[in-house]
Amino acid sequence: MVKLTMIARVTDGLPLAEGLDDGRDLRDAEYYKQQAKSLFKNLSTRQNEPSRMSVETGAYVFHYIIEGRVCYLTMCDRAYPKKLAFQYLEDLKNEFERVNGAHVETAARPYAFIKFDTFIQKMKKLYQDTRTQRNIAKLNDELYEVHQIMTRNVQEVLGVGEKLDQVSEMSSRLTSESRIYADKAKDLNRQALIRKWAPVAIVLGIVILLFWVK
C-alpha cells in the first residue's frame, strides 16, 4: 500500500508537492516525512546518484525516480510490489512534467504545486489494490522491469551525514567535558594545597603573634 508521496526539486531539495492525506493511517508519519526530506537533501548535495532507487526503512521502503531535476518519491509497505511502486511514480512523473515541468526551476516557495495533490490522490486509488485486473496486468508487463533497480538501507544512504553529525556532537561534548574536568582539577588542587599548608600557616601566624606580643 502507498503510504507517502512527495515530489521535490533535486538541485536544492525544495518540496514541490505531496499527498495531502498522506500519513493519516501511518504511525510516526512525521518521522518518515523527515526521512524523505533528508533523502531529498542528500540527493541535492551528491552527484552521480542512481536515477532510480529503493531505500529500505523499518517496515517500509522508499522508492524514487529522478528525471528533469525533479525527484518523485513514494513510501510503501515492504510487501507492496516494487514494480507497481515504480509504475505509480512513472504516472506521476509524466503528468507532473506535462502540467508543471516548465515552472519547476522558477518555483520560489515550498509546495508551489500543491494542487497536484488531486492527481496524486487519483493515482493512489488506482494503485492501492494490487489485485485489480489493471494492476495485475501491470505486474505481468514484461516490458517494464525493476530487477536492476538498486535497493539500499536508509542508514547506508543517510548514514555518512549522520555519523559526521554524531562525531561533531561527540567532539563538542568531549571538549566541554574536558573543560569542566580541568576546572574541577584546579579546584581540587587548590583545596589540596589549602589542606596541606593551612596548619603551617596557622602555626606561623601564632609564632608571629607571640613574637609581637613579647
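Strands are runs of at least two residues assigned E by DSSP, numbered from the N terminus. In this predicted model, strand E3 (residues 52–57) is paired with strand E4 (residues 60–67) in the antiparallel sense, over 6 bridges. The hairpin formed by E3 and E4 has 2 residues between the strands, and Gly58 adopts a positive phi near 60° there. Thr57 lies opposite Tyr60 in E4. E3 is also paired with strand E6 (residues 150–153), in this case in the parallel sense and over 4 bridges. In that pairing, Val55 is placed opposite Arg152 of E6.

The largest nonpolar core comprises 28 residues. Within this core, the most contacts are made by Ile7, Leu16, Tyr88, Leu92, Phe96 and Phe116. Two or more residues each are supplied by strands E1 (2–9), E2 (15–18) and E5 (70–77) and by helices H2 (82–100) and H3 (117–128). H2 provides the largest share, 7 residues. Beyond residues up to four places away in sequence, Leu16 is in contact with several residues, among them Ile7, Val70, Phe96, Val104, Tyr111, Phe113 and Ile114. In soluble globular proteins, nonpolar side chains tend to be buried together.

The protein chain has an average pLDDT of 83, and 78% of the residues score at least 70. Where pLDDT is low, the predicted coordinates should not be read in detail.

Notes. Residues numbered from 1 in each chain as written. Predicted model: local features only at pLDDT ≥ 70, side-chain atom pairs only at ≥ 80, totals over all residues. Heavy atoms only, no water. Pairing = 2+ DSSP bridges. pLDDT = per-residue confidence, 0-100. Core = buried A, V, L, I, M, F, W, Y, C linked by side-chain atoms within 4.5 Å. Buried < 20%, exposed > 50% of the residue type's maximum accessible area, 1.4 Å probe, protein only. Contact = heavy atoms within 4.5 Å.
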